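Please look over the model below. A short report on its architecture follows.

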Amino acid sequence: MEYSSDKNNMISKLTVNGCQIQLVTSYGEVVEKITALMEAKHDLYDLVISEQLQPILNPSLDSNHSNDMPKRFIGVSEAYAGILDTGSLVLLSSEKQRTAINFLSEIHIIILSSQRLIRDKNALWELMKSEKVEMPRAVNIISGPSRTADIEQTIQIGAHGPCELIVTLFEQ
Amino acid sequence: MPVIKSNQFKPSSLQALNDSNLQLALKRAEKGFVEKRAKSIAMVEDFDALKDRAKQAKVHSLKHLDQLLEEFQDKLQAAGGEMHRVASPAELNELVVTLTRRAKAKTVLKGKSMVSEETGLNRVLEDQGFDVVETDLGEYIIQLANEPPSHIIAPAVHKTRQQIESLFYQYHNLGHREFKDIAALVAEARQVLRTRFLNAEVGITGANLMVAETGSIVLVTNEGNGDLAATLPGLHIVTTSIEKIVGTLEDANAVLEVLARSATGQALSTYTSFFTGNKRANDTDGPVGFHVIVLDNGRSKLLGSEFEEMLHCIKCGACLNHCPIYSNVGGHSYGWVYPGPMGSVLTPLLQGLKTATPLPNASTFCGRCEEVCPMGIPLPNLLRKLRDQQHQEKIEPRKWRWALFGYGWLCKNPRLYHGFFRYWNSIIRLLGLIMGNSKHQLPLGGGRRLSAPSQTTFMTQWKRRQRRTKQIGI
């Protein structure tokens, strides 16, 4: 019961932050959604999948492997956790997760397991401690697509980072 | 260091008041900021509790400042980074030049850093032949315009859309095109800056906080430019100042709870990042060099003084947005890096009262700044103390001293005081008739007028009333 209210709460917070939400129950569905998105964008974008997800998603998707990032791409990463009170996604840098994807993607897809929802930012440090995760180079707490209000106080989406943020909520 | 022009506050303000573009931009901004903040705080159950918690974190960190900075240094070192404490702006600039040169870099990407504004870092780097690119959109705009920021979180708030359009036409060599809306301007800046991001060798950012227990720096942005500057180049240099240190990750969170709400009215900024040390051995990206330069520049002498609370400031800009003076004269009038109420306190403290004499007086003492400050800094009271100090040190204009002396003398002689103010109304009316043809107002020059007060003073009315009650016999 509490779980489904957490999930709904997260979805509404993410929506307020300007994220799009997809609900999936399998990696097969994730692949389908990505393929559909690429088609909808007329294959104008390359695809970059974080190393962590490559073994799972790559066999079915043709993604860019080189160390140089392509010019315009859709990036796919996996969130370490989702923060309920602010509708934020936590991404940790590691040998399998590239920080640049979070900021260079035109469209950023973040896969979040619905079992990884935590109360607030303090719960993040508790979770990391309990799972013995050392502080990585970068902890990025992301709350929506990139934005600016530097011209006449008008909010514009897509300043330097992603213009669209899609959260794929994975229900196990 | 940028030249301090705070003593020009009066003429600069007059110029600002007559600048129609500026007035248009300021009116728009004030309304936006105030409404967004109010909305966001109304959504929190108990904002005062959040404020208290944030303040606790800062009080603790200032009490143990040296110890925490040492802890930070150790932890940062263990994560492969390096901390440098520097006393003066010149030292900071020199160190950045040395590090940048050592990295054999040509292009330097800048994320927003008020400390680097304080030291005038860009100019120094440019003079040494480096190509410096500001990446925060607002900072980029004012870099093109060759102006200092006019607001601590919205550096180009004084610019209208039309002014920004002409800057882009002038500096972006992109042929004939028209900007149909603000989105088109943002898109062009994105495109132009993206190529710069991919080719830079050094990234310089500020830090909103330093966390002692992990050796992390916290960077808060909405655009993502700071994160790109911290991630893509091989060398990441952070320019920050001593009071940004907090003890724990929980303390950092406590400050973050009030920062974005007070600044932009968001529960949390779009990107809140904790950077700790170099890229790890097998990481796919991140810088191989990470240096955190911590500037003092007169801050440590405020510790334990009556002005210590000013070091609680988290640079959210709420006091600027709610200040009737700032909203009319804009940031540049204040003549240095930090404007508005926080700037009126900080500038004299860091740069000396003599170089910023008008600032403690650039206030109506309406108290809104203190009311909206998420750290509860008693800004009006600090301004009052600075005024007092000015008076003690005899550095305010002679005209003021004489007027204050006269008024003080009158106050100390109650009989003269009451006698004088009994005729005050008649004096004003008479002068008004002679100088301005009105018995209700006395022209003071510059469009200002002094209204004639009530014909009878409070004391006269009070005495009359007491006599009457006695007569009636109650």
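Which residue is the bridge partner of A:Ala138 in β9(B)? The partner is B:Phe275. This pair belongs to a link between the chains of a predicted model: five bridges join strand β8 (residues 138–142) of chain A to β9(B), and the two strands run antiparallel.

**The contact between the chains**

Chain B puts 50 residues into the contact, and chain A puts in 36 residues. On the side of chain B that touches chain A, at least two residues each come from α2 (20–42), α8 (137–145), α9, α10, α11 (225–231), α12 (249–263) and β9 (271–275). The most come from α10(B), with six residues. By class, this side of chain B has 20 nonpolar, 20 polar and 10 charged residues.

**The sheet of chain B**

Six strands of chain B build an open sheet. Their order is β1-β10-β7-β4-β2-β3, and the pairing is parallel. The edges are β1 (82–86) and β3 (131–134) of chain B. Each has a single partner strand, so one side of each is left without a neighbour in the sheet. On average, neighbouring strands are turned by 20° against each other, direction ignored. Helix α5 (residues 89–102) of chain B packs on this sheet. Helix α5 touches β1, β2 (107–110), β4, β7 and β10 (289–295) of chain B, and its direction makes about 170° with that of β10(B).

| Strand pair | Bridges | Residues opposite each other |
|---|---|---|
| β7(B) and β10(B) | seven bridges | B:Thr239 and B:Ile293 |
| β4(B) and β7(B) | four bridges | B:Gly203 and B:His236 |

Strand β10(B) is largely enclosed by the rest of the structure, because five of its seven residues are buried.

**Helices α8, α9 and α10 of chain B**

Helix α8(B) is mostly covered, with seven of its nine residues buried. Those buried residues are B:Leu137, B:Gly138, B:Glu139, B:Tyr140, B:Ile141, B:Ile142 and B:Gln143. They pack against β3, α9 and α10 of chain B, together with β9 (147–148) of chain A. Just after α8(B), B:Asn146 takes a positive phi of about 55°.

Two of these packing partners also meet each other. The axes of α9 (residues 161–171) and α10 (residues 182–199) of chain B come within 11 Å and cross at roughly 35°. The crossing of α9(B) past α10(B) is left-handed. From α9(B), the residues in contact are B:Arg161, B:Ile164, B:Glu165 and B:Phe168. From α10(B), they are B:Ile182, B:Leu185 and B:Glu188. By class, this contact has four nonpolar, no polar and three charged residues.

**The nonpolar core**

In soluble globular proteins, nonpolar side chains tend to be buried together. Which residues touch the most other members of the largest nonpolar core? They are A:Val90 and B:Val255, in a core of 158 residues. Helix α12(B) gives the most to this core, with nine residues. Leaving out residues up to four places away in sequence, A:Val90 touches A:Ala79, A:Tyr80, A:Ala81, A:Ile83, A:Leu124, A:Val139 and A:Ile141.

Terms used: Residues are numbered from 1 along each chain as its sequence is written. Chains are lettered from A and ligands numbered from 1 in the order in which they are written. This is a predicted model: local features need pLDDT of at least 70, side-chain atom pairs count only at pLDDT 80 or more; totals for chains, interfaces and linings use all residues. Axes are lines fitted to C-alpha atoms, for helices over the stretch in contact, and angles run from 0 to 180 degrees between N-to-C directions. A crossing is left-handed if the near helix is turned anticlockwise from the far one by less than a right angle, and right-handed if clockwise. Two residues are in contact if their C-beta atoms, placed from the backbone, lie within 7 Å. Ala, Val, Leu, Ile, Met, Phe, Trp, Tyr, Cys and Pro count as nonpolar, Asp, Glu, Lys and Arg as charged, and the others, Gly among them, as polar. Two strands pair if DSSP finds at least two bridges between them. A nonpolar core is a set of buried Ala, Val, Leu, Ile, Met, Phe, Trp, Tyr and Cys residues joined through C-beta atoms within 7 Å. A residue is buried if 20 or more other C-beta atoms lie within 10 Å of its own, exposed if 12 or fewer, and partly exposed in between; C-beta atoms are placed from the backbone.
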